[in-house]
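Reader: I would like to know how the labels on this model were reached. Could you take me through them?

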Amino acid sequence: MTRFLREVTRAFRARELNGDPWREVAEAMQRVRVVVGISALGVAWLLPNATTTQRLVFIGLVGGVYLPYGAIALSIAKKGHPASRIGIVASDMLILFTFQLVLPQTRFVAMLGYLCVITVYSAIGGLPAGAPLTVASVALTVVAQAVQPQPPRIDTYTFAMFAAAAGGLSFLLDRTGAQQRRALRDLDDSVVKLEEARRQLEEAQRLAHVGSWSWDIVANEVIWSSELCEIFGVSLDDIPRSRRSFYELIHPDDRDGSLEAILRCEDTGEPFQIQHRVVRPDGEIRWVDARGQAVRDQATRTTLMMFGTVQDITERKQLERLRREFVSGVSHDLRTPLTSIKGFAALLRVAGSDLSEDDRGDYALRIERNAHELESLIAQLLDYSRLEAGHTTLAPEVLVLGGVVRSSVEELEPVLAGHDVLISIDDQITVLADPDGLKRVLRNLIENAAKFAPRSTLIWVGAHNAGEEVVLSVRDEGPGIPQDQRERVFDAFYRVSQSAARGTGLGLAVAKRYVELQGGRIWIDSEPGRGTMMSFTLPRARPASGSRAA
Amino acid sequence: MLDKRALVVDDEEDIRILLRGLLAVKGWSVDQACDGHEALARTATESYDLIVLDQRMPGLTGIETALRLREDSFRGPIIFYSAYVTPDFEESIRSEVGEENFVVSKTDIEDFVNLIHRLGDDR
């Protein structure tokens, strides 16, 4: 080692005597400023008699932008990895740090007449391969020297010392590099996981219609989740940042109650849960269930921040209202025919012998009709609950449509209340449908027509083939259905407003389910004051010997 | 016995026929009206000893019809015959229409029969 240092010092001095060694490099750099090449981490001893060209070639090999008194090597660094090279030029020694494998370079450098190059490799692709590669590199240099010996050689001892030091450095780099890479990878994974968790939370909020918020009172920072913005109908940029602008989004009738609950939470830390309406900027009103709690500073007894959730419960509220109306409607509808049945039975009992034959017959018929109505109401309720529970299975078969319609109309005779039913269906028309399901749909549509249209008006039932489908229509001369209610009549429990006729509000909902279960569609054509036509489709069947008229 | 005349007002045909039958057994002759307006039109030209009103009807409610009848100086008894007889309903009839009226639940036919029996005897 001492001998080596002496040699280097001597060479260095000799160069100094010969003039400024860096001038040569500086001159060369003026010609070539940027070099890109293969990289290695090397400690190279330039031979005292190395020429500028040789130095430049070496610099060129390792790549980068080199300045006379130092070098900055550039490399394209992959995301999550450190830049792969740094170079320092000091005196006759060029030190380069790199993290890539370039064994062939070692031999080339030796061929150029350099005394020795010891390359320190760091971990490659996360594998701790630096130390073995460095040993391989040193060995290669020795071989290269042997093949093409270049004087003066340094002694084996010094060489071994440097090789060992390089090996140690490689080992350290391996370790730190691997640790660093692992840490970066872990960080990367954490960021990915965090992003994934955030995405899942947003998705969950969207599905559950639950938004979340936080309000840092100290920093006056308000954060709303995307779903909360969606519920309130505001964009992320327009979220209310003051109490006043927030309260303006609450329905005026609910403002005081909400304000009181939120202020109490802020003052005392008592969590709140309130239901109120939100008036969105587009005018739409939504019902929400809002919950919140406070983070308190126990020492000063002040609230530092508040956070909470807001769930959109508009649908639930609508359903609750419909159910309330349904219960009151159903109990009325069940009671009405029951009242008639009980009444006429009582009348027959108390006055049976005094009544005329005609009256007795009429009263018996009325009992029968009301019992029929009661039965059909109960059937509808059961039907609906079965359909809702998914317990209805259909067994489609080939049916002659005209036959099914005629037998349904016959069964409905007692409730037709004087309406004439005109059936105009070609007997060639056959459908693929479940007989009971089809009858339910027909009954509901014809009963509806009879219920809503004035007495003695005509109900028309017709059908025609349309491609692979059959379109069946029931038309009445009733009051019609206003445009804005046409879609809603298919909702369970919905009744057309202003209509005096009774019903569970389930008939069309049940009909729609049956039609859809059989792969069809149902719709309304109506002109207020001029009647309604309800149509639905069924799969068309080619006439077969097995068809029946149910 | 003088023929007693009653007017039955209900939008449900079955109920009108039933009440007519029950009243007829007790010797009443009965006219029918489908709603409050028809009832007012009938009382303008005919005189009745009793009016039976349903509360829930399209157009005028039973109470609204009764108030108009009283304005038109109908002095006879009115029976409110409703599916929903609640204390609130009875109270509003007493305070708005007067003490002299009767309220009968549709679910209690016997009550109605007894009431018209009593009214028939009073006459």
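**Labels and their cut-offs**

Reader: Why is A:Cys229 called buried?

Author: Buried means under 20% relative accessible area, exposed over 50% and partly exposed in between (1.4 Å probe, protein chains only). A:Cys229 has 4% relative accessibility, so A:Cys229 counts as buried. This is a predicted model: local features need pLDDT of at least 70, side-chain atom pairs count only at pLDDT 80 or more, and totals for chains, interfaces and linings use all residues. Side-chain values use heavy atoms, without hydrogens and water, residues are numbered from 1 along each chain as its sequence is written, and chains are lettered from A and ligands numbered from 1 in the order in which they are written.

Reader: What makes B:Cys34 partly exposed?

Author: The relative accessible area of B:Cys34 is 34%, and partly exposed covers the values between those two cut-offs.

Reader: How many disulfides are there over all chains?

Author: The count is zero, where a disulfide is a pair of cysteine sulfur atoms within 2.5 Å.

Reader: Why is one side of β9 and of β10 of chain A left without a neighbour in the sheet?

Author: The open sheet has five strands, in the order β9-β8-β12-β11-β10 (chain A), with antiparallel pairing. Strands are DSSP runs (E, at least two residues), numbered from the N terminus, and two of them pair if DSSP finds at least two bridges between them. β9 (221–224) and β10 (272–279) of chain A stand at the edges with a single partner strand each, so one side of each has no neighbour in the sheet.

Reader: How do you know that β8 pairs with β9 in chain A?

Author: Four bridges join β8 (residues 210–216) of chain A to β9(A), and pairing requires at least two. A:Ser214 stands opposite A:Ile223 in β9(A).
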